2 protein chains.
Amino acid sequence: MKSRIRLLFACGLITTAAPACAFDILQPLPKQPPIPADNPQSKAKIELGKTLFFDPRLSVEGTLSCNSCHNLAAGGDDDGAAPRAGKTPLERSAPPLWNVAFQTVLFWDGRATSLENQFKEHLTDARVMAMPSGEAMIQRLQTIPGYRDAFARAFPGPSPVSVDNLAKAVAGFERTLLTPGSPFDAYVRGDKEAISVSAKRGLARFDNIGCLSCHFGVNLAGPAPGPAIGMGEGFYELFPNHLGSIYDEKYDLARDIGRYAVTRDARHRYMWRVPPLRNIALTAPYFHNGSVADLGEAVRVMAKTQLKRDLNDQDTADIVAFLTTLTGRFPELTLPRLPDTPGLSLLGGHASR
Amino acid sequence: MKSRIRLLFACGLITTAAPACAFDILQPLPKQPPIPADNPQSKAKIELGKTLFFDPRLSVEGTLSCNSCHNLAAGGDDDGAAPRAGKTPLERSAPPLWNVAFQTVLFWDGRATSLENQFKEHLTDARVMAMPSGEAMIQRLQTIPGYRDAFARAFPGPSPVSVDNLAKAVAGFERTLLTPGSPFDAYVRGDKEAISVSAKRGLARFDNIGCLSCHFGVNLAGPAPGPAIGMGEGFYELFPNHLGSIYDEKYDLARDIGRYAVTRDARHRYMWRVPPLRNIALTAPYFHNGSVADLGEAVRVMAKTQLKRDLNDQDTADIVAFLTTLTGRFPELTLPRLPDTPGLSLLGGHASR
């Protein structure tokens, strides 16, 4: 942790907002995100992915689309109250999708490393889309003429309608969801007046108490995409790192054991990915369990549980002011027209309803 | 019923598609719908209503927006599988919202006669938005700065944020949801080649077996808006009218007693509004209980239960061809940006989640 703080000071970022820092600790949002070699972008693919993203027929009972929980009319998240297809509710808050293209670690416990895999897991998760199988999903999509055509256009070649291609299309669309133009971006690019005095103090405090040791890079969520990075320092972080504060019980922080549930590796107990901070002011409630409704309180909880710091009101307000500068400009999206099955419902039509 | 059929022939609609028929039995979609005197349209009101329409914070747990069940990316309905906020599921299919401005009778049992009242009932219905009260809704909206401003713009005067104004804004937006340009409209306007030979045969059959006696007017759903019309001939219809067919059991048609549940008037047992037929090919499944997945089967069921007719395959296919000409052009909609509450969630943030 210490070394990162030193790096930051070495860059002079805090005092001069120098844009030339080689260490990528604070970065403006790039114009284009990294695109995986095996899923190049195309207009047809993005359009298809967008349509699929809004289509509730991707869930078993036709009740949920991706947008139900990752609401693109808002912060790309669920406001703490996600609908779900299955009987069992999700115990974790839906993370925001805006700028997700810059994430290398997906799900709160980091159990996926690509948007394609993240999508595939949700598709058959009984708590989310709850499709009985990928084959069932493909069979359903095959009966929708408009999708047969759109997959063929987006994926020239044999068997265009496949789970892999479905995941690629949705991920392709998700990679277009960027919110450039935040005051933070202008500041990091060198416009020293782009953020308030309070926000500047907040950034300095955010650095000097140690927040930046995890929250750095494009999304302030750890390492930027690149060669696979092993799990380790700065990548995942224990939360709560310091058990025993009043917050453990108040916000039920110690119930969910995090990545341990996936790996059964004792070192991963309470280990979580570093959550991205762009648009954080729009994605309340906070933490994996959505237990904290208020950003200031979330800052206090983090300072205490991760850094053993008690923040005063001024520090808290300043850090909130800094975090609010991470709110970007949301592009206008047109609602897609979902391809129809004329005269036929794929989901209704059972008399026992 | 007989008199209506005679009127239709007198208009020469079947044989010449004369657009000048005075009896409004078949009408193209008007350019503008009727607007109630107490809720005039304005740009600010329509924009606000659209935003509210897509906002899940209108439901108690933030899980449902109007668009969840009345999906404007599709037929404006729910594909037979509506999500709902409460524990008790709705027993009736969500009717389509496109062209709803021309409906004078709302809900399957006609218990509302304005979109404003329809909205207000849904707001506190425990199976739908499930808000504990209108006051609770207003209190929530008051905490969202963007809504305070938008209501003030749309409703100049004291106390702009009110349940009445909320309903007026949503209804105002709903009245803009029109799908002009259907082949049927072109045909009724005089373009005899706008629909296929099969569709023309279907329309003739639709008339001469008696469907038009109820399904006439702009939405083929009975009388056009105007002075309040008493419940009677052509307005509501018993369904099933002729009990005893195989369909009663097959599609569970006799379980829901329709309007009787509202009025407790014995004459209203199995009484329903006449469902609108525009875009009917896109709004499967069919009937109040969404029990029939297929339009051809729905046509057979209607012919048998309402008119004691057994249709052969050709007649059924022709009537389906005619009904498919009622599919219009859907306008492009941009997804609204939901006004935010920076740094704060109105819905999440409870540790017990």
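Chain A has 14 helices and 2 strands. Helices here are DSSP runs of type H or I with at least four residues, strands are E runs of at least two, and both are numbered from the N terminus. Of the 353 residues of chain A, 59% count as buried. Buried means a relative accessible area under 20%, exposed means over 50%, and partly exposed lies in between, using a 1.4 Å probe and protein chains only. When contacts in chain A between residues at least 6 apart in sequence are considered, 70% join residues at least 24 apart. A contact means heavy atoms within 4.5 Å.

This is a predicted model, in which local features need pLDDT of at least 70, side-chain atom pairs count only at pLDDT 80 or more, and totals for chains, interfaces and linings use all residues. Residues are numbered from 1 along each chain as its sequence is written, chains are lettered from A and ligands numbered from 1 in the order in which they are written, and side-chain values use heavy atoms, with hydrogens and water left out.

**How confident is the predictor?**

The score called pLDDT is the predictor's confidence in each residue, from 0 to 100. Chain A averages a pLDDT of 87, and 88% of the residues score at least 70. Over residues 1–23 of chain A, pLDDT stays under 50, and the model has 41 contacts for them beyond four places in sequence. Residues 224–234 of chain A also have a pLDDT below 50, with 21 contacts in the model beyond near neighbours in sequence. The model as a whole scores ipTM 0.90 and pTM 0.91.

**Charged pairs**

A salt bridge is a side-chain nitrogen of Lys or Arg within 4 Å of a carboxyl oxygen of Asp or Glu. Over all chains, the structure holds 34 salt bridges. Here are three of them.

| Pair | N to O distance |
|---|---|
| A:Arg255 and A:Glu91 | 3.9 Å |
| A:Arg127 and A:Asp125 | 2.7 Å |
| A:Arg201 and A:Asp318 | 2.8 Å |

Take the pair A:Arg255 and A:Glu91, bridged at 3.9 Å. These two residues are 164 residues apart: A:Arg255 sits in the loop between helix H11 (246–250) and helix H12 (260–263) of chain A, and A:Glu91 in the loop between helix H4 (66–69) and helix H5 (115–124). A:Arg255 is partly exposed at 47% relative accessibility, and A:Glu91 is partly exposed at 48%.

In the second pair, A:Arg127 is partly exposed, with 28% relative accessible area, while A:Asp125 is buried at 12%.

A:Arg201 lies in helix H10 (residues 197–208) and A:Asp318 in helix H14 (residues 313–324) of chain A, so the bridge ties together parts 117 residues apart in sequence. A:Arg201 is partly exposed at 41%, whereas A:Asp318 is buried at 3%. Elsewhere, A:Arg92, A:Asp109, A:Arg111, A:Glu121 and A:Asp256 are joined into one network by salt bridges that share partners.

B:Lys45 belongs to helix H3 (residues 43–53) of chain B, and its side chain makes a polar contact of 2.5 Å with the side chain of B:Asn39. A polar contact is a pair of N or O atoms within 3.5 Å; within protein, one must be able to donate a hydrogen and the other to accept it, and residues adjacent in sequence count only if both atoms are side-chain atoms.

**The nonpolar core**

A nonpolar core is a set of buried Ala, Val, Leu, Ile, Met, Phe, Trp, Tyr and Cys residues joined through side-chain atoms within 4.5 Å. The largest one has 94 residues, and those with the most contacts inside it include A:Leu166 and B:Leu166. Helix H8 (residues 163–174) of chain B gives the most to this core, with 7 residues. Beyond four places in sequence, the contacts of A:Leu166 include A:Leu52, A:Phe119 and A:Met137.

**A buried serine**

A:Ser182 lies in the loop between helix H8 (163–174) and helix H9 (183–188) of chain A. A:Ser182 is buried, with a relative accessible area of 1%, and its side chain makes a polar contact of 3.0 Å with that of A:Asp185.
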